[in-house]
Amino acid sequence: MIAELYSLHRTELLKYCCMICGNVSDAEDLLQETFVKALSHPDFLEDLGERERRAWLYKVARNLFFDACRRRALEQNKMPRPEEAVEGGFSDVETAMLLSLLPPDAAELFRKRYFEGYSSRELAELYGLSPSGVRAALSRGRKELRESLKT
């Protein structure tokens, strides 16, 4: 069953891993760790439907990525201190982790609106949307973040 999962989801999961890791080498390592984790949970995966297995793989990859980020920061002894938090109250690492939960276009919109100070009107002109369309996209992004953080 794991071999079937691998052949079915390898390509799209590798693209996702590349997106969050930023390079192919780390993405391939993350993909491998994800499927090693799947090998250790065959009974659990057997009970899931196809869509749930796919979702589980993505969630495991995301969690492994976050674990690696935390581990790397601790190893380099560069864990941001609370006083290094940005205006929104999150450190740079926490902000990057949160934004990685969003699709790239939504993450860019968030970054420009909440961290660079663009207004809805300015973003609307920049992206060819209406100001209400920008606010709606930001609202969907916030909802997506809430849902991602619940799990």
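Q: Which helices do the buried residues of H2 pack against?
A: In this predicted model, the residues of H2 that count as buried are Ala27, Leu30, Leu31, Thr34, Phe35 and Ala38. The helices against which these buried residues pack are H1 (2-21), H3 (42-46) and H4 (50-75).

Q: How far apart are the end C-alpha atoms of H2?
A: Helix H2 covers residues 24-39 and has the highest mean pLDDT among the elements of the protein, 91. Its 16 residues, at 1.5 Å a residue, should span 22 Å, and the model agrees with this expectation because the end C-alpha atoms are apart by 22 Å.

Q: Which backbone nitrogen does a side-chain oxygen of Asn23 reach at the start of H2?
A: Just after H1, Gly22 takes a positive phi of about 90°. At the start of H2, a side-chain oxygen of Asn23 then comes to within 3.3 Å of a backbone nitrogen, which belongs to Ser25.

Q: At which residue does H1 bend?
A: A straight helix of 20 residues would span 28 Å at 1.5 Å a residue, whereas H1 spans only 23 Å between its end C-alpha atoms. The model also has a bend of about 60° in H1, and the residue at which this bend lies is His9.

Q: What covers the buried residues of H1?
A: The buried residues of H1 are Ile2, Leu5, His9, Leu13, Leu14, Tyr16, Cys17 and Ile20, and His9 is also where the helix bends by about 60°. What covers these buried residues includes H2, H3 and H4.

Q: Over which residues does pLDDT stay under 50?
A: The protein has a mean pLDDT of 82, with 89% of its residues at 70 or more, and among its elements the lowest mean pLDDT, 76, belongs to H5 (residues 92-99). There is also a stretch with 8 contacts beyond four places in sequence, and the residues over which pLDDT stays under 50 there are 79-88.

Technical notes: Residues numbered from 1 in each chain as written. Predicted model: local features only at pLDDT ≥ 70, side-chain atom pairs only at ≥ 80, totals over all residues. Heavy atoms only, no water. pLDDT = per-residue confidence, 0-100. Helix = DSSP H or I, 4+ residues; strand = E, 2+ residues; numbered from the N terminus. Contact = heavy atoms within 4.5 Å. Expected span 1.5 Å × (residues − 1). Buried < 20%, exposed > 50% of the residue type's maximum accessible area, 1.4 Å probe, protein only. Polar contact = N/O pair within 3.5 Å; in protein donor to acceptor, adjacent residues only side chain to side chain. Bend = angle between axes of the 7 residues up to and from the residue.
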